[in-house]
Amino acid sequence: MTTYTTAWKSPSNIALVKYWGKKPEGIQIPSNSSISFTLKNCATTTKLTLVEQADLEITVLLEGNQEPGFVPKIEQFLHRISGVFPFVLNGKYTVDTSNSFPHSSGIASSASGMSALALCICDIAKEKGLLAEKDFKQTASILARLGSGSASRSIYGPMGQWGEHPDYRGSSDEFAIPYTDIHSVFTDFCDTILLVHRGQKTVSSTVGHGLLKDNPYATARFAQAQENMIAMKSILKSGDLDAFIALVESEALTLHSLMMSSNPYFILMKPNTLKIIEAIWAKREKDAVKWCFTLDAGANVHFLYPQADQAAAKAFIEEELAQYCENGAFIHDEVGMGAERL
Ligand code: DP6
């Protein structure tokens, strides 16, 4: 009976071109390609202990306290990845996990959480002689994807790209790849997450993805996303911030318009989400700043701005945006270099 122990810290990420919709064939195959900034401060740290035994047994600790609510998701994950590593179904797991961001902040922990867990499993597979170092990150991204699609991109910094696209060499539906062909303005871009609503989301992303199946705009959306990936590629290279702003904000609003046009329909923005968007637009109009927003599948706003503007942008947050955040809460983050072994 061997015991394995390993630990990884893996970050969250924020998509610029969004993954929303899965192909009907395969498991966790995206309907379109996506690309994200890997974050630095918002991360999950997971320490995994696996004692080999015949049965599967899982204990989850969140911030030191037992969290049985997470067990079914991890069990499903282990079953999904058992096609890659059959050993994962025979063991007693202790998953000791904590997030750098407050629990129930509305920040999705699935990208950081699932990627951290996938990396831990890959460490064990490597120790068992089942995984070569040269395949380590790609396999970790495959496993992470099986846990949560967006998690596949968190393995790499400063950006992760996932989903086959003719213009992205080496891209795949099965795993993300690091994306580094970017202008220096983007390598340390800032993202302040404005916490508009800390409650549970009304719709999980998994359910949201499923609703695209019957959404009349889905086909047009998937084609649009593939086009936007082409435009994004040259924007990232040139550092054209005006084009960046136009594309990133359009992607965010398109994501939410897909939710609004699903059946059942839903609105994940809150009134203060719109207040923040309007305040950013007014500021841009008035001072010609190159600041913009994006959204994930929730009410919080990711406020994006260049590192060089940090002082002014932070003053703007304090003076104008913080009032729209629940309890005035926000988290400063920036582009980071991906997951690290502890
Ligand atoms: C809006 O990766 O959370 O954040 O694969 O079902 O776990 P599952 O979904 P998830 O979806 C993320 C959707 C998004 C956009 C994005 O990150 O690309």
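The largest nonpolar core of this predicted model holds 35 residues, of which F77, L78, Y93 and I121 touch the most other members. A nonpolar core is a set of buried Ala, Val, Leu, Ile, Met, Phe, Trp, Tyr and Cys residues joined through side-chain atoms within 4.5 Å, where buried means under 20% relative accessible area, exposed over 50% and partly exposed in between, with a 1.4 Å probe and protein chains only. Local features need pLDDT of at least 70 and side-chain atom pairs count only at pLDDT 80 or more, while totals for chains, interfaces and linings use all residues. Residues are numbered from 1 along each chain as its sequence is written, and side-chain values use heavy atoms, with hydrogens and water left out.

- A second, separate core of 33 residues includes M159, Y179, L195 and V248.

**Strands β9 and β10**
- From strand β9 (residues 292-295), C292 and T294 point one way and F293 and L295 the other, and all are buried.
- Strands β9 and β10 (residues 301-305) run antiparallel and are joined by four bridges, where pairing requires that DSSP finds at least two bridges.

**Residue V84**
- V84, in the loop between α1 and β5, is partly exposed, with a relative accessible area of 37%.

Conventions. Helix = DSSP H or I, 4+ residues; strand = E, 2+ residues; numbered from the N terminus.
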